[in-house]
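Dear colleague,

Please find below the structure that I am handing over to you.

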Amino acid sequence: MRNLSINLLSAFCAFALAPAAFAQPASEGDAQATASSLAGNYHLAGVMETAAQLQLDADGSYKWMMMVGNLDLYSEGRWTQTGGQVTLGPHRFGKDMPVFALGEAYPWGREEADAAYDSDTIRLQNRAKWQCAFLDTGGYYQSSDDTAAAEDLTPLQRYEAAAASETQLRAEYERAIAAYFARDLSDPDDNLEISARSARRGWGQAVAVLAKSARAAGKPARYQPPSLPADCFFLSAYTPEYADRQSGPRIDWSEGVGIWVNRRERPNARLDIDAEFTFADGSVETANSHELGFAFVPAADERQLKTIRLTLRHNGSEYSSSFSVASDRDARVYAVKLDNRIFIKPPFEELRLNISGDDLVPADGSGGAYLRRD
């Protein structure tokens with residue numbers, strides 16, 4: 001299989017003026033003479049608009065990087081030498097190379113409580129975005145019969161008309177909400193969502209007109225907002241003005257057990273990790289790391305953790321690891337190291353390079369050569 005790196009080299013091959021010797025594979029004698037000294041740093045020459053570096057370490061590992069325009073490619077893994085050829089094989093994860101490593105444990109503290117609060121907020125917001133999508137600022141239907149209030153009305157008449165309009169549009173909004181929550185969740189049709197969003201917009205405009213007319217008439221702008229599930233109020237960016245920042249249902253984040261993935265590092269939005277906590281009493285609880293890399297479940301000190309199972313789903317694959325933990329009531333949070341190489345898509349299945357003296361030449365003859373730098 002031709003690899004991505006070789007394809008990129010081929011794309012620029014027509015512009016390359018590589019020495020003729022680059023295309024010639026090394027003889028067996030040359031390979032034997034250089035095999036013991038292949039470890040070192042190399043840079044690609046002979047390919048225009050392309051920069052690449054290769055580091056071969058004596059322990060059999062390698063690091064490879066290529067830059068083509070604004071495209072950056074990276075690979076690391078193991079390299080082998082057979083006869084007159086070097087083969088680079090990208091790192092692969094499996095049972096012998098897990099993506100998780102369990103680190104030190106420490107007590108539940110203020111930082112953990114704050115992270116648990118943030119993690120719980122993300123959980124509730126995500127649930128609200130799924131359950132109450134009509135509160136989002138997406139598409140809506142525009143009514144074609146919207147009319148402005150008559151100019152010849154007195155302030156009191158405008159107020160009364162605005163109050164009647166708010167009552168009517170609130171009823172329409174309530175009916176749209178009821179239809180939205182009664183919908184068939186397996187049906188991909190989003191017309192009920194759009195209808196609820198349109199009704200919400202119409203009612204919101206009516207409330208604004210009512211408030212303005214009430215001020216002009218010296219009257220109170222009284223209205224009753226439609227009833228919504230508490231989960232809906234966790235749409236922080238889309239919370240209705242009348243929601244009054246209701247707290248809604250939260251889990252107890254003041255004490256618990258948890259895992260913190262790559263703590264102190266920059267948060268990674270791809271850290272969608274499921275954590276399963278098994279306790280000494282046989283109970284099992286699960287949590288998700290969300291974007292913060294922190295997953296926890298509420299648990300008092302007397303609940304002793306026994307095992308932790310972590311699962312990462314990425315690019316259609318699933319990577320799991322299980323860890324047994326020692327009995328320690330002070331050990332409430334466990335540091336977890338995630339090998340970030342899991343997020344690096346290998347740019348090639350393998351890369352073969354012919355040994356030519358101190359240089360390495362792409363085996364498919366695509367042009368250029370990796371020249372020894374040290």
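Is Arg 352 buried, partly exposed or exposed? With a relative accessible area of 37%, Arg 352 is partly exposed; here buried means under 20% relative accessible area, exposed over 50%, and partly exposed in between, with a 1.4 Å probe and protein chains only.

Some remarks on the source come before the rest. This is a predicted model, in which local features need pLDDT of at least 70 and side-chain atom pairs count only at pLDDT 80 or more, while totals for chains, interfaces and linings use all residues. Residues are numbered from 1 along each chain as its sequence is written, and side-chain values use heavy atoms, with hydrogens and water left out.

The average pLDDT of the protein (the predictor's confidence in each residue, from 0 to 100) is 81, and 82% of the residues score at least 70. Residues 1-35 have a pLDDT below 50, and this stretch makes 66 contacts in the model beyond near neighbours in sequence; a contact means heavy atoms within 4.5 Å.

Salt bridges

A salt bridge is taken as a side-chain nitrogen of Lys or Arg within 4 Å of a carboxyl oxygen of Asp or Glu. The whole structure holds 13 salt bridges. Arg 352 pairs in this way with Glu 350, the closest N and O atoms lying 2.7 Å apart. Glu 350 is partly exposed, at a relative accessible area of 32%.

Another salt bridge connects Arg 92 and Glu 349, with 3.1 Å between the closest N and O atoms. This pair links distant parts of the chain, 257 residues apart: Arg 92 is in the loop between β5 (85-90) and β6 (100-106), and Glu 349 is in the loop between β13 (333-338) and β14 (351-356). The strands are DSSP runs (E, at least two residues), numbered from the N terminus. Arg 92 is partly exposed at 40%, and Glu 349 is partly exposed at 44%.

Asp 301 and Arg 332 form a salt bridge whose closest N and O atoms are 3.9 Å apart. Here too distant parts of the chain are linked, 31 residues apart, with Asp 301 in the loop between β10 (294-298) and β11 and Arg 332 in the loop between β12 and β13. Asp 301 is partly exposed at 42% relative accessibility, whereas Arg 332 is buried at 3%.

The sheet around β8

Four strands make up an open sheet in the order β9-β8-β11-β12, with antiparallel pairing; two strands pair if DSSP finds at least two bridges between them. The edges are taken by β9 and β12 (317-324), each with a single partner strand, so one side of each is left without a neighbour in the sheet. Neighbouring strands of this sheet are turned by 15° against each other on average, direction ignored, the axes being lines fitted to C-alpha atoms and angles running from 0 to 180 degrees between N-to-C directions.

Why is strand β8 described as largely enclosed? Five of the seven residues of β8 (residues 273-279) are buried, so the rest of the structure largely encloses this strand. With β11 (residues 305-314), β8 pairs over seven antiparallel bridges, and Phe 277 has Ile 308 as its bridge partner there. Five bridges join β8 to the antiparallel β9 (residues 284-288), where Ala 275 stands opposite Ala 287 and Phe 277 opposite Glu 285. The hairpin of β8 and β9 has four residues between the strands, and Gly 282 in the turn has a positive phi of about 95°.

With kind regards
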